[in-house]
Amino acid sequence: MKLNRRSFIKSAAATSAIAAAGSIFPGISFANWKRQDGSIGQVTWKKTPCRFCGTGCGLLVGVMGDRAVAVKGDPNCSVNKGLCCVKGYHSIQALYGKDRITKAKVRKGGKMVEVPIAEALDLVAAKLQETRKKYGKDSVAIYGSGQWTIPDGYVASKLFKGCLGTNNVEANARLCMASAVTGFFTTFGIDEPMGCYEDIEHADVFVTWGNNMAEMHPVLFSRMLASRKRRGNVTIIDFATRTTRTSQAADKSIIFRPNTDLAVANAICYEIIRNDWVNWDFVEKHTTFHKGKTNIGYGTEDHFSFKDKPESITFEEYKEFLKDYTPEKVEKISGVSARDIKYLASLYGDPTKKCTSFWCMGMNQHVRGTWINNLVYNIHLLTGKISTPGNSPFSLTGQPSACGTVREVGTLTHKLPHGVVMNEHDRKLAAEIWDVPVSNIDPKPTYHTVEMFRALDRGDIRFMWIQVTNPMITMPNLNRYRNGALKEDRFIVVSDVYPTPTTDVADVILPATFWIEQEGMFGNSERRTQHFERIVPGPGETMSDTWQIIEVARRLGFQKQFPWSEENYIEKIWEEYRRFHNNPKHNMAPYKVLKARSGVQWPFVNGKETRWRFNAKYDPACKPGTDFDFYGKKDGKAWIWARPYEPAAESPDKEYDFWLNTGRVIEHWHTGSLTRRIPVLHRAVPESYVEINPEDAAELGIVNGEKVRIISRRGSVVMKASINGRGVPPRGMVFVPFFDESYKINEVTLDAFCPISKQPDYKKCAVRLEKA
Ligand SMILES: Nc1nc2c(c(=O)[nH]1)N[C@H]1C(S)=C(S)[C@@H](COP(=O)(O)OP(=O)(O)OC[C@H]3O[C@@H](n4cnc5c(=O)[nH]c(N)nc54)[C@H](O)[C@@H]3O)O[C@H]1N2
Ligand SMILES: Nc1nc2c(c(=O)[nH]1)N[C@H]1C(S)=C(S)[C@@H](COP(=O)(O)OP(=O)(O)OC[C@H]3O[C@@H](n4cnc5c(=O)[nH]c(N)nc54)[C@H](O)[C@@H]3O)O[C@H]1N2
Ligand code: SF4
Ligand SMILES: [Mo]
């Protein structure tokens, strides 16, 4: 049909109302919409969440024929209200990299050869079965991702935990969100944040606790700056170990020594009590005081295990504990002046100011990650600044479905959908919904991620299926784990969309559909579930990660548990999964509602989303007659924890005299497998580098762009120096982003972790520098 301009406008308006609303927003188009004959191709706009960060912006993708050609922000999505960052705007280009994996490959005689996907799936099922027979049920494992869709994670858990009876299910979110989870559990007895992004419109004070939000959650950061501009009298403090773009936009930047945030958080509480800024009414009604074990180790040895032993204490004992954390004492530990500590305390302590704290990997990738989460909650609990608009201790997620797939579905060794394997009631519910005998579900967790790769190295695990993650770049102390994966008689299956160092170690590579080439759901930082439909077809023999698992499950004889048809399996899986959450604390929206809206927040009760949890005004799960109810704990009271300062696992010394800190840049996504295939983003930052403080560089005689060798006890990397670039580390620290697979900085990092969450600390180890 030939479309003239008038009929194009008419038909576009008819196809989609959101498109009309969206057209006033800027976007980016990657195709010429005009056909050769001068007519205009018809573009249909479809909604989807962005597939990059945990902010969860709503996008509208413009489709012409079967190709995605344009992107703009979805004005109907409350997260971003039409705005995106560079990754969102260019995201669809990641669909069309020249070297997409479109065919399955299997290793034959040491070489990878293309085979029909059905043959590859036969081999995966056969190997899985053979390994179980030979080495036992816990010799097979699946390692997934916070970039898994909710259905991906759900079927993985159902197959491995429910049908195969092994708790060898983990996901890269262990490297990312585990400390947030244990932080929530220890303080509130329940996972997931109480606040929502609307807090940004209400808070008077924002403190970023080592969260480079300007680059990592750019749209939320813009919302925060816009809120400051609109309302005036808003203060943003960047509390971090390195100067970043976030520090530059903040009203004040405070730099502390690595790991000493523990001491500063305690000093803030000390000051709040000393000045009697405590909200006594709140504290007496809604909190209790506890301490746990100390000197808890760092987990660097095999088979490390740790169990905390909480004891309740009185307020007086807690106050006594804080005596070691006067601002003057903490100044010596942290390098933060007593004046700045008192200033921070006065902001949190001022009863007229609403305070929101944001954090992400600075606090989670921390050998005391659980503790520092606890300590920041302490500040909000002592002042009662929690669960009300603008008062929020806000743990941000990194990946688009870290919450949705890993925390809510529970794709970690100890978890079940909103439950744990250790709990009989949770096992019974899972067995009933999954239609498996309850004896199938093992009550004992097996391996957390680092230990899972150690088990692969030892040979306790022999078969591992890796989906939507690139561990051969992102595991800490990488040499150790790559050597393990390459050992004889290990069978590695990798589902990916592009070749990576992880597909290099695979015995089978399965071609996956990417993002909008399949239907799915993600869950973002503010408990928002976001549905997307299949918008464009996947190339070649690509298959969704969910469907790959279903195919293998059926080959293993689990047709009854995986009965769905290709037409509507996502809807069926969602409705089955929803049964796990059938209560006011967790209820999820029905499929139809999800499909119609740009995200729905849970708990979704009686047709309404819950914005602030634990506050009876907003949360229907609170006991009637209460104002606040922390219902994760039996008595409805949150725990204030006495947790001491303890140093990092490895600190600089005479031989290795610098801290190595690692992280990210705004243009790139993790290992760069997607963003390095987006030309604009690749050109913007084509190569990784090491940031050095200008004075250190001068002392070492290193100039900008010169090659430097970074050496730790585990490995070394040579890369170019960046001096006074985008970020500036303090003296004695270097920083390296990990997006460039040519420079494996994780060969240098340390695999120490928080003994409670088992999340590795990628932010701290000791290195020395040499001119290369
Ligand atoms: N552009 C882009 N955005 C992303 C991602 C990406 O790859 N690219 N990834 C997403 C994911 S999965 C994640 S997890 C997030 C990460 O988001 P962030 O955590 O914001 O980013 P990182 O660069 O990992 O960490 C940087 C911060 O760690 C802090 N830090 C270092 N040591 C310490 C310490 O001892 N204590 C404290 N409190 N802070 C410390 C530094 O001060 C610095 O601000 O980003 C998400 N967003
Ligand atoms: N040094 C250092 N290391 C770190 C961190 C750090 O701060 N410093 N941070 C840690 C954190 S917080 C995180 S979250 C991890 C991230 O670590 P990873 O998850 O390992 O990194 P990604 O690059 O996101 O890997 C995702 C992979 O999935 C592929 N992929 C994308 N979409 C699909 C799909 O739909 N299906 C399939 N099958 N594959 C797909 C991509 O091509 C890519 O290879 O890194 C951790 N490692
Ligand atoms: S802020 Fe995050 S979710 Fe939003 S467009 Fe950027 S990468 Fe995507
Ligand atoms: Mo992450």
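Mentor: Let us settle the term first: a residue counts as buried when its relative accessible area is under 20%. Please keep in mind that this is a predicted model.

Trainee: Okay, so which residues in H22 are buried?

Mentor: In H22 the buried residues are Asp-545, Thr-546, Trp-547, Gln-548, Ile-549, Ile-550, Glu-551, Val-552 and Ala-553. Helix H22 spans residues 545-555 and is mostly covered, with nine of its 11 residues buried.

Trainee: And what follows H22?

Mentor: H22 is followed by Gly-557, which has a positive phi, near 100 degrees.

Trainee: Switching to ligand 2, which residues come nearest?

Mentor: There are 32 residues around ligand 2, and those that come nearest are Asn-172, Asn-470, Thr-474, Asp-496 and Thr-671. Sorted by class, the shell around ligand 2 holds 12 nonpolar, 15 polar and five charged residues.

Trainee: What about the polar backbone atom of Asn-470, how far is it from the oxygen atom of ligand 2?

Mentor: The distance between that backbone atom of Asn-470 and an oxygen atom of ligand 2 is 2.7 Å. A polar backbone atom of Ser-495 lies 2.9 Å from a nitrogen atom of the ligand, while Ser-673 uses its side chain, with a polar atom 2.7 Å from an oxygen atom of ligand 2.

Trainee: How much of ligand 2 does the protein bury?

Mentor: Taken alone, ligand 2 exposes 920 Å², and the protein buries 99% of that. Two elements give two or more residues each to its shell, namely helix H20 (471-474) and strand E19 (491-496).

Trainee: Why does ligand 2 lie between domain 2 and domain 4?

Mentor: Because domain 2 (104-171 + 414-520 + 531-556) and domain 4 (658-749) both give residues to the shell around ligand 2, it lies between them.

Trainee: Now ligand 3, which residues are around it?

Mentor: Around ligand 3 you find Cys-50, Phe-52, Cys-53, Gly-56, Cys-57, Cys-85, Lys-87, Gly-88, Pro-218 and Val-219. Helix H3 (86-90) and helix H8 (218-231) are the elements that give two or more residues to this shell, which divides into seven nonpolar, two polar and one charged.

Trainee: Which residues does the UniProt annotation "binding site" cover?

Mentor: The unreviewed UniProt entry places that annotation on Cys-50, Cys-53, Cys-57 and Cys-85. They are spread over 36 residues of sequence but cluster in space, the largest C-alpha distance being 10.2 Å.

Trainee: And Cys-53, is it buried or exposed?

Mentor: Cys-53 counts as buried because its relative accessibility is 12%, and its place is in the loop between strand E2 (44-49) and strand E3 (58-64).

Definitions and conventions
Residues numbered from 1 in each chain as written. Chains lettered and ligands numbered in written order. Predicted model: local features only at pLDDT ≥ 70, side-chain atom pairs only at ≥ 80, totals over all residues. Heavy atoms only, no water. Near = heavy atom within 4 Å. Polar contact = N/O pair within 3.5 Å; in protein donor to acceptor, adjacent residues only side chain to side chain. Areas by Shrake-Rupley, 256 points an atom, 1.4 Å probe, with all protein chains shown as cover. Helix = DSSP H or I, 4+ residues; strand = E, 2+ residues; numbered from the N terminus. Nonpolar A, V, L, I, M, F, W, Y, C, P; charged D, E, K, R; others polar. Domains from an automatic or database assignment. UniProt positions renumbered as here; feature names shortened; annotations may be inferred. Buried < 20%, exposed > 50% of the residue type's maximum accessible area, 1.4 Å probe, protein only.
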